[in-house]
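Me: Hi! I have a structure open and would like to talk through it with you. Could you help me find my way around?

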Amino acid sequence: MDMSDLPVPCTPREISQLVQRDRVHGSIYTSQAIFEMEMRHIFHRTWLCVGHASEIPEPGAYRTTRLGTQSVIMARGSDGEVRVLMNRCRHRGVALTETETGCVRRFTCPYHGWVYDTTGELKLVPDADAYGRGFDLSAYGLTPAPRVAQYRGFVFASLSPEGESLDEHLGPAKAYMDLFLDVSPLGEIDARAGVTKTSFRANWKFVGMDGYHPNYVHKTVYDLRRRRKPVGSAKGESFSDESANLTRDLGKGHVMLDVYPVRKANYASYLQSMSGRPGWDAYYAAMVQAWGQERADEILVWAGDPHIGVFPNLQLIGSQIRLIRPVAADVTEVLMFPTVLKGVPDAINESRLRAHEAFYGPASQGSPDDAEIFERNQIGLSAVVDPWVLLARGLDREKVDVDGSIVGTITDETTQRGQLKQWKLLMEQAA
Ligand code: FES
Ligand SMILES: [Fe+2]
């Protein structure tokens, strides 16, 4: 089927045909009409991660963000509850807050002064008499997102009043989210260390979960690491066809770069190298005390880093919570929140933050190169004489693992296929 001259706009069913078993049509990354369909049928329908409750610990604390294209406020009310409220005054629809974070006693609309409390209730309307006697303030509270649910502090919302529960949506991803949290002996993180923000002129679907690129896009970094430390980060060990590391498609679009095998092989030497480092021995003892020897070692082999993409907008990589905010077909914002661990020596958290800055900071070794390659990808896809993108890597060698996940080698495109399979399914369901 030649879809190089795809009619625009087209139906969700036609769009779903753009994702084939081994290839996808480049227009899924470039077409603004398809982007708008993605917003309607994916971002405005499925569960999205809004943030982590630890960002807003005290009553009145809030973060402003977007669910797809819609502005929302994640706020902790005076009653201690975390809500996701549409950032839209019930009078004429003005955004109540434009600052990204803050802590308030009330939200006052800048246009005509309507006042809402931190639970979203409308408390005051200037000269309310003009609305007549029957005017009921309680009917004009801020509109909550239709569904909100949490998993261990991760706040999710869906703009659809119906659909599967968050529990069903996350499925096997929960065990990997647990790893990210349980690398704290208290099982708790704090996401208030700040945020590394980046925006680039490329499609949101390029972000993350590619085990094929590190040796090329990040060549300088890996060359440097190999010179400093020959074992553990060498090309053959982590990101090549010879590597024992894996890619996994967990289902529902959740995918991961499973770097457990190489870390496991190097765990004894890793422990040896960490012993005596500032804070490490106390931290290791606290982990064993909290989780028992076996589970503590398991979590530490992973280093609390599941490197998972929870479809469609959350990724947990290293110490960071990464949120992906699509802006347009060719514009994306990525927010990376480095987290610190509760119940650990300061030195452990300091090294987490320094490691984050080194690879994901604005002048770091990693992220800027990723943004650069995404922009080049977008430029390349503007050439549509031959519009298909090949995603067949490892297709014939992937297997179904005992846990039901589809598994490939670390350089295989099992992850991209897994994400786009869910993308296709949601488009087909909308048809
Ligand atoms: S639009 Fe908010 S008070 Fe008028
Ligand atoms: Fe990268």
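**A chat about the fold**

Reply: Happy to! Let's start at a turn: in the hairpin of S10 and S11, which has 2 residues between the strands, arginine 152 takes a positive phi near 45 degrees. Keep in mind that this is a predicted model.

Me: Is arginine 152 buried or exposed, or something in between?

Reply: Arginine 152 counts as partly exposed, because it has 15 C-beta neighbours inside 10 Å. The positive phi is there although arginine 152 is not a glycine.

Me: What about S11 itself, how many of its residues are buried?

Reply: 5 of the 5 residues of S11 (residues 154–158) are buried, so the strand is largely enclosed by the rest of the structure. In a regular strand, side chains alternate between the two faces of the sheet. In S11 both faces are covered: Phe154, Phe156 and Ser158 are buried on one side, Val155 and Ala157 on the other.

Me: Which other strand pairs with S11, and in what sense?

Reply: S2 does, in the antiparallel sense, over 4 bridges. There, histidine 52 stands opposite phenylalanine 154 of S11.

Me: Let me zoom out. How is the chain divided into domains?

Reply: Domain 1 covers 48–158 and domain 2 covers 171–430. Their C-alpha centres are 33 Å apart.

Me: How many residues are in contact between the two?

Reply: On the domain 1 side there are 9 residues, in contact with 13 residues of domain 2. Strand S2 (residues 48–52) gives the most to the domain 1 side, with 3 residues. By class, that side of domain 1 has 4 nonpolar, 2 polar and 3 charged residues.

Me: Take methionine 74, then. What is it in contact with, leaving aside neighbours within four places in sequence?

Reply: The contacts of methionine 74 are Val50, Gly51, Ile56, Tyr62, Arg63, Thr65, Val82, Val84 and Val155. Two of the core residues named above, Val50 and Val84, are among them.

Me: On to the sheets. What is the strand order in the one with 4 strands?

Reply: That open sheet runs S5-S4-S3-S6, with antiparallel pairing. S5 (82–86) and S6 (101–103) are the edge strands, each pairing on one side only. From one strand to the next, the twist averages 30 degrees.

Me: How many bridges join S4 to S5?

Reply: 5 bridges join S4 (residues 70–76) to S5, and the two run antiparallel. Arginine 76 has valine 82 in S5 as its bridge partner.

Me: And the sheet with 9 strands, what order does it follow?

Reply: The order is S13-S19-S18-S17-S16-S15-S14-S23-S22, an open sheet with antiparallel pairing. S13 and S22 (399–400) stand at the edges with a single partner strand each, so one side of each is left without a neighbour in the sheet.

Me: Is methionine 209 buried or exposed?

Reply: Methionine 209 is buried, because 23 other C-beta atoms lie within 10 Å. Arginine 152, with 15 such neighbours, counts as partly exposed.

How values were computed
Residues are numbered from 1 along each chain as its sequence is written. Chains are lettered from A and ligands numbered from 1 in the order in which they are written. This is a predicted model: local features need pLDDT of at least 70, side-chain atom pairs count only at pLDDT 80 or more; totals for chains, interfaces and linings use all residues. Domain bounds come from an automatic or database domain assignment. Two residues are in contact if their C-beta atoms, placed from the backbone, lie within 7 Å. Ala, Val, Leu, Ile, Met, Phe, Trp, Tyr, Cys and Pro count as nonpolar, Asp, Glu, Lys and Arg as charged, and the others, Gly among them, as polar. A residue is buried if 20 or more other C-beta atoms lie within 10 Å of its own, exposed if 12 or fewer, and partly exposed in between; C-beta atoms are placed from the backbone. Two strands pair if DSSP finds at least two bridges between them. A nonpolar core is a set of buried Ala, Val, Leu, Ile, Met, Phe, Trp, Tyr and Cys residues joined through C-beta atoms within 7 Å. Axes are lines fitted to C-alpha atoms, for helices over the stretch in contact, and angles run from 0 to 180 degrees between N-to-C directions.
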